[in-house]
Each structure stands twice: as C-alpha cells, then as structure tokens.
Amino acid sequence: MSRIAYVNGRYLPHRSAAVHVEDRGFQFADGVYEVIAIANGRFIDEELHLRRLHRSLAALRMAPPMGDRALCAILREVVRLNGVAEGIVYLQVTRGSAPREFAFPTRARPSLVVTARSKTLHDPRLLAQGVRVITIPDIRWARPDIKSVALLPNALGKQQAKEAGAFEAWQVGRDGNITEGTSSNAWIVTAAGEAVTRQADTAILNGVTRQGLLHVLAAAGLRFLERPFAVAEAKAAREAFLTSASNFLIPVVRIDEAVIGDGKPGPVTERLSDAYISYAAGGGADR
Ligand code: PDD
C-alpha cells in the first residue's frame with residue numbers, strides 16, 4: 001500500500017507531499033505536533049492528545065487549523081488510507097507560511113500536515129531484554145512542556161545515545177535531576193516498590209503514555225510518586241523504564257555503566273507493561 005499524507009486540505013502521495021519553503025515550521029520551528037498511538041485500529045487516549053495539542057497551541061498563541069471534529073476526521077482518513085491497524089499518526093501544526101519575519105505574520109493561515117505509519121508498539125524483544133540509556137546534560141530551552149517541533153537538542157541527544165549503543169538518552173537538569181528522555185518520559189521503581197516519575201512541570205513534556213500509566217497505577221491501587229529524582233538515585237533504583245506513545249513501556253536495564261537491578265527487566269515494570277497494554281487495547285482512559 002503506497003503511503004498517503006495530508007497537507008493543507010489535500011491527500012497526497014508521500015513522495016510529493018510538501019509544504020512551502022517559507023513555512024514557519026521550516027524556518028523558525030514555529031509549530032507544534034502530536035504523535036498518537038493506534039492499537040487494534042483504535043486511537044489511544046485521543047482526548048488527552050487533543051488537550052495537549054490545544055495547550056501547546058495556546059502557549060505559542062497559535063490558532064488551531066480547524067475544529068477538533070474536522071481534525072479527528074482527517075486523522076482517521078490518513079490512518080485508513082495508510083492501512084494502519086497498529087502504529088502511529090503524526091500531526092503537525094505550524095503558524096503557516098509567510099515572508100521571513102521573526103514577529104508573527106498578520107495574515108498567515110496555520111498549516112496542517114498529517115502522516116501515519118504502521119509500527120509495532122510493544123516490541124517483544126525490547127520488553128524481554130530491556131534497553132540501555134545514557135545520561136546527558138539537558139540543553140533544551142526552558143519550555144519542554146510545549147510539544148514544539150524544535151527538537152534539535154533531542155535529535156542530538158538521540159544520536160549520542162545511538163553512537164554509544166544505547167536506546168535513549170536521559171537528560172539531566174542543572175540540579176542533577178533527570179528530566180526525561182529525548183523522546184520519552186523516565187521512570188524508576190524504588191526499593192519500596194513505588195513507581196516514580198518527575199512531576200509534570202515546565203521541565204518535561206507531560207507524556208500521554210505517562211498520564212495513562214498514572215491512571216493505570218491509581219486504578220490498580222499501586223503506589224507511585226511524581227517527584228524529581230537524581231542520576232545517583234536512578235542508578236541505584238530497583239527497576240527503571242521509559243514511556244512513550246510510540247513504544248508504550250520499555251524496561252531500562254542499564255544507565256551509563258550502572259546495571260539496574262539484576263540487569264533484566266523487573267517484575268514491577270513487566271506488570272505495568274501488561275496493565276498498560278490492556279488499558280491501551282481499550283482505547284485508554286477516555287473510552
Ligand atoms: N515523543 N518526552 C519527550 C521529549 C517526547 O518527545 C515524548 C514523545 C515523550 C512521551 O510522550 P507521549 O507519551 O505523549 O508519547 C516525552 C514522541 C513519541 C515523538 O516525538 O515521536
């Protein structure tokens with residue numbers, strides 16, 4: 001099946017789908033995006049993604065390209081045209097295209113791009129073996145809570161991880177606490193068996209998978225805390241894992257040179273992964 005993308009009102013073959021050279025997303029990273037997981041043909045936590053999209057748009061004083069109903073219809077059509085039953089749909093909104101001026105254009109219309117692709121969301125090999133992460137300084141701007149397309153530090157960090165033979169890089173703030181991964185949220189499990197992830201302040205993106213997992217933890221009566229944790233605490237943790245829409249939960253078995261637990265995915269992570277998979281199979285919290 002050939003891939004189809006949506007670009008500003010048209011469904012186009014992937015190879016000819018393009019935006020204008022003066023699109024502000026291209027010139028200034030003046031845009032926001034969402035990545036929504038699809039499992040068994042259903043969107044997972046679509047409502048939470050839309051809420052976060054509106055939050056990001058409002059933070060950048062950017063108008064939505066259209067109403068939510070119309071937007072959701074386009075997302076569904078792109079998923080259908082690409083035959084995606086399990087995978088991700090990507091949507092990007094920019095402030096539009098206009099002559100290159102730093103201040104906002106007065107007349108530009110927001111531009112909307114949507115793509116979708118099939119992908120395994122819970123890779124059994126990653127789940128069985130776990131992955132390595134490295135730690136790197138968090139060099140991003142002060143508002144990573146906005147899901148903007150300005151992802152250069154994230155791309156540099158992921159490349160550094162790849163070159164080190166790791167799956168992800170956990171970014172460390174000036175205070176020595178881990179903020180989050182380059183494209184995922186970071187979690188540890190304490191000796192007391194509590195799941196810990198950083199509180200959703202302006203230093204991290206409030207992951208929809210993170211929010212879904214917090215819901216799963218609360219519903220199962222499991223103990224969890226939203227608080228900062230330092231690199232040393234993470235390295236000494238009983239278990240560690242990461243979350244994102246494109247991979248659900250992945251166990252972390254090494255942080256830099258430190259082996260986590262016995263070097264294998266731990267029981268709390270496995271239990272939470274199973275619980276999240278069934279939560280996702282039902283479409284998430286809003287179904
Ligand atoms: N990334 N933190 C960062 C910096 C991210 O880029 C992401 C998601 C997350 C996890 O958020 P969620 O659970 O909503 O996917 C945390 C997406 C998947 C991406 O850019 O491809």
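A polar contact is a pair of N or O atoms within 3.5 Å; within protein, one atom must be able to donate a hydrogen and the other to accept it, and residues adjacent in sequence count only if both atoms are side-chain atoms. The model described here is predicted: local features need pLDDT of at least 70, side-chain atom pairs count only at pLDDT 80 or more, and totals for chains, interfaces and linings use all residues. Residues are numbered from 1 along each chain as its sequence is written, and side-chain values use heavy atoms, with hydrogens and water left out.

## The ligand

An oxygen atom of the ligand is 2.8 Å from a polar backbone atom of alanine 245. A polar side-chain atom of arginine 52 lies 2.9 Å from an oxygen atom of the ligand, and a polar backbone atom of serine 183 is 3.4 Å from a nitrogen atom of the ligand. The protein buries 89% of the 480 Å² that the ligand exposes when taken alone; accessible areas come from the Shrake-Rupley method with a 1.4 Å probe, and for residues only the protein chains shown count as cover. The ligand is surrounded by 20 residues, and the closest are Tyr33, Glu180, Val208, Thr209 and Ala245. A residue is near a molecule or strand if one of its heavy atoms lies within 4 Å of it.

## Two buried serines

Helices (H or I, at least four residues) and strands (E, at least two) are DSSP runs, numbered from the N terminus. Serine 184 is placed in the loop between strand 9 (178-181) and strand 10 (185-189). Its relative accessible area is 7%, so serine 184 is buried; buried means under 20% relative accessible area, exposed over 50%, and partly exposed in between (1.4 Å probe, protein chains only). The side chains of serine 184 and glutamate 168 are joined by a polar contact of 2.7 Å. Apart from neighbours within four places in sequence, serine 184 is in contact (heavy atoms within 4.5 Å) with Glu168, Leu242, Thr243 and Ser244.

Serine 56 belongs to helix 2 (residues 46-59) and is buried, with a relative accessible area of 1%. Its side chain reaches the backbone nitrogen of lysine 147 at 3.2 Å. Not counting residues up to four places away in sequence, serine 56 touches Val32, Ile146 and Lys147.

## Salt bridges

A salt bridge is a side-chain nitrogen of Lys or Arg within 4 Å of a carboxyl oxygen of Asp or Glu. The structure holds 15 salt bridges, including those in the table.

| Glutamate 46 | Arginine 76 | 2.8 Å |

Glutamate 46 forms a salt bridge with arginine 76. Because glutamate 46 lies in helix 2 and arginine 76 in helix 3 (residues 68-81), this pair ties together parts that are 30 residues apart in sequence. Glutamate 46 is buried at 8% relative accessibility, whereas arginine 76 is partly exposed at 37%.

Glutamate 77 and arginine 80 both lie in helix 3, 3 residues apart, about one turn of the helix. Glutamate 77 is partly exposed at 25% relative accessibility, and arginine 80 is exposed at 54%. Glutamate 226 lies in strand 12 (residues 224-226) and arginine 210 in helix 6 (residues 208-219), so their pair ties together parts that are 16 residues apart in sequence. Arginine 210 is buried, with a relative accessible area of 2%.
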